[in-house]
Amino acid sequence: MNQNELLGTKKIGPLLAQMALPAITAQVVNMLYNIVDRIYIGHIPDIGAMALTGVGLCFPILMIITAFSSLIGMGGAPRVSMKLGKKENEGAETVMGGCFAALLVLAVVLTAAFLICGKPLFGASENTIGYAQGYMNFYVMGTLFVMIALGMNPFITAQGFSTISMLTTLIGAIVNIVLDPVFIFVLGMGVQGAALATILSQCVSAIWVMHFLTGRRTVLRLKRKNIRLRASVILPVLALGVSPFIMTSTESLLNICFNTSLQKYGGDMAVGAMTIMSSVMQMMSLPIQGLAQGAQPIVSFNYGAGKLDRVKQAFYRLFWISVVVSTGFWALNMLIPTLIPSIFAGNAELKEISGWANRIYMGGAFMLGVQFSCQQTFIALGEAKISLFLAFLRKIILLIPLIFILPNFFGDKVFAVFLAEPVADILAATTTFGMFVWKFKKIMAKV
């Protein structure tokens, strides 16, 4: 029995563990790309706090690149899984080839756009803009590598090769961890060295992905004849990928809103604390996203094959594990709020503000397991419109307005800005759960 057939036959519990553990590991390792950079940068003697704040200002641009990778990768992978469930392997290869072509075009366009007009100015001061510009100029030169590594790796997971997918990020992260201190401290390149280490590690990951997808072990092979843009292939991918695209790209807009408000009310240290808060949120959300990525091929394949009991079993396990993880992480940050921020901050003032801000910012994190599991299952079932609405709801409809509204009702403006996150998290997760309960039975009845 090949790896692909196991998606429709193996017991859901062991299968989810087999698929999810490598995906979770991959997400945790992928998280190290940004977090390791920030840890090293935050401890650069004398300039660490300002350098960390400056690199945090580049976060919107990093998220835009990741978002376009998700648009194609997360939009194409579920379609590939569904076609595999229907035993349409040639059609699956056509989708994968079209997605690769789209990634190449987007990488060229984004690189040119960022080099010509991309400037991380929102929330910057004269103390931090130099570090931000230095990091960004190096990072955007590796856009092609980032997009191939992030955008094509989901097609490996979609075929059931979750361990190979995990190695994509593991190999790159090891390279990054090794190169970071060499470039930052030994060669004295500072934030530019951190960016160079990151893009070189992503280059290694991209080579690994391409080697596998064009090799003998893969079920679906990336063939030259399929690497072309066709509307019939790309438009359905974009329709399904627009939700994860918005989920990721709005992080960019969200970060800009947080940074501008915090710079206005709290200055550079408040913006630096926000850089740390985004890292804390990544520590919780990326493992849950890895779990959802592991469950996606199971849900999509069995939905395509008409095995609805297996779809339900996979969702229930995804839901409860996600809730337990998010609740546990929330409890840790409420009980010991300074534990994780202290890893990043080498400056006493930055440590202090990050500690109390963490307890506020992560106040609604216990609900995010509900949000992520339900929303990602909508994507796995091909429900693009519903997932798109939920992506808009949490960040665009709720969180961004709250960032600017709540400071009008509190004396401590910085506290009010951080408070916007948990209020939006709780409201959005409650709405998402209610919609899922309402729609899930109707979706299952369509098959």
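Q: Where does α10 bend, and by about how much?
A: α10 bends by about 45° at glycine 241. A proline, proline 244, follows within four residues. The bend at a residue is the angle between axes fitted to the seven residues ending there and the seven starting there. Helices are DSSP runs (H or I, at least four residues), numbered from the N terminus.

Q: Before we go on, what kind of model is this?
A: This is a predicted model, in which local features need pLDDT of at least 70 and side-chain atom pairs count only at pLDDT 80 or more, while totals for chains, interfaces and linings use all residues. Residues are numbered from 1 along each chain as its sequence is written, and side-chain values use heavy atoms, with hydrogens and water left out.

Q: OK. What follows α10?
A: Glycine 267 follows α10, and its phi is positive, near 80°.

Q: Which residue has a positive phi although it is not a glycine?
A: Lysine 87 has a positive phi of about 65°. Most residues other than glycine have a negative phi.

Q: Where is lysine 87 found, and is it buried or exposed?
A: Lysine 87 is in the loop between α4 (59-85) and α5. Its relative accessible area is 66%, so lysine 87 is exposed. Buried means under 20% relative accessible area, exposed over 50%, and partly exposed in between (1.4 Å probe, protein chains only).

Q: New topic: how many salt bridges are there in the whole structure?
A: A search of the whole structure finds four. A salt bridge is a side-chain nitrogen of Lys or Arg within 4 Å of a carboxyl oxygen of Asp or Glu. Side chains of opposite charge can pair when their charged atoms come close.

Q: What does glutamate 93 form a salt bridge with?
A: Its partner is lysine 223, and the closest N and O atoms are 3.1 Å apart. Glutamate 93 lies in helix α5 (residues 89-117) and lysine 223 in the loop between α9 (190-213) and α10 (231-266), so the pair ties together parts that are 130 residues apart in sequence.

Q: Are those two buried or exposed?
A: Glutamate 93 is buried, with a relative accessible area of 10%. Lysine 223 is partly exposed, at 30%.

Q: Which residue does arginine 394 meet in a salt bridge at 3.2 Å?
A: Glutamate 421. That pair links distant parts of the chain, with glutamate 421 in helix α17 and arginine 394 in helix α16 (residues 384-405), 27 residues apart. Both glutamate 421 and arginine 394 are buried.

Q: And what about aspartate 425?
A: Aspartate 425 also forms a salt bridge with arginine 394, with the closest N and O atoms 2.9 Å apart. Here too distant parts of the chain are linked: aspartate 425 is in helix α17, arginine 394 in helix α16, and they are 31 residues apart. Salt bridges that share partners join Arg394, Glu421 and Asp425 into one network.

Q: Now the rings. How many aromatic pairs does the structure hold?
A: There are 16 aromatic pairs. In phenylalanine 319 and tryptophan 320 the ring centres are 5.0 Å apart and the planes are at 85°, so the pair is edge-to-face. Rings of Phe, Tyr and Trp (its six-membered ring) pair if their centres lie within 6.5 Å; planes under 30 degrees apart count as stacked, over 60 as edge-to-face and the rest as tilted.

Q: How accessible are phenylalanine 319 and tryptophan 320?
A: Phenylalanine 319 is buried, with a relative accessible area of 10%. Tryptophan 320 counts as exposed, at 55% relative accessibility.

Q: Why is the pair of phenylalanine 436 and phenylalanine 440 stacked?
A: Their ring centres are 4.9 Å apart and their planes are at 20°, so the pair counts as stacked. Phenylalanine 436 and phenylalanine 440 are four residues apart in helix α17 (residues 413-445), which means they are separated by about one helical turn. Both are buried.

Q: Which residues form one aromatic cluster?
A: Phe315, Tyr316, Phe319, Trp320, Phe378, Phe433, Phe436 and Phe440.

Q: Last one: where is glutamine 159, and what does its side chain reach?
A: Glutamine 159 is in the loop between α7 (143-157) and α8. Its side chain reaches the backbone oxygen of phenylalanine 155 at 2.9 Å. Glutamine 159 counts as buried, at 0% relative accessibility.

Technical notes
Helix = DSSP H or I, 4+ residues; strand = E, 2+ residues; numbered from the N terminus. Polar contact = N/O pair within 3.5 Å; in protein donor to acceptor, adjacent residues only side chain to side chain.
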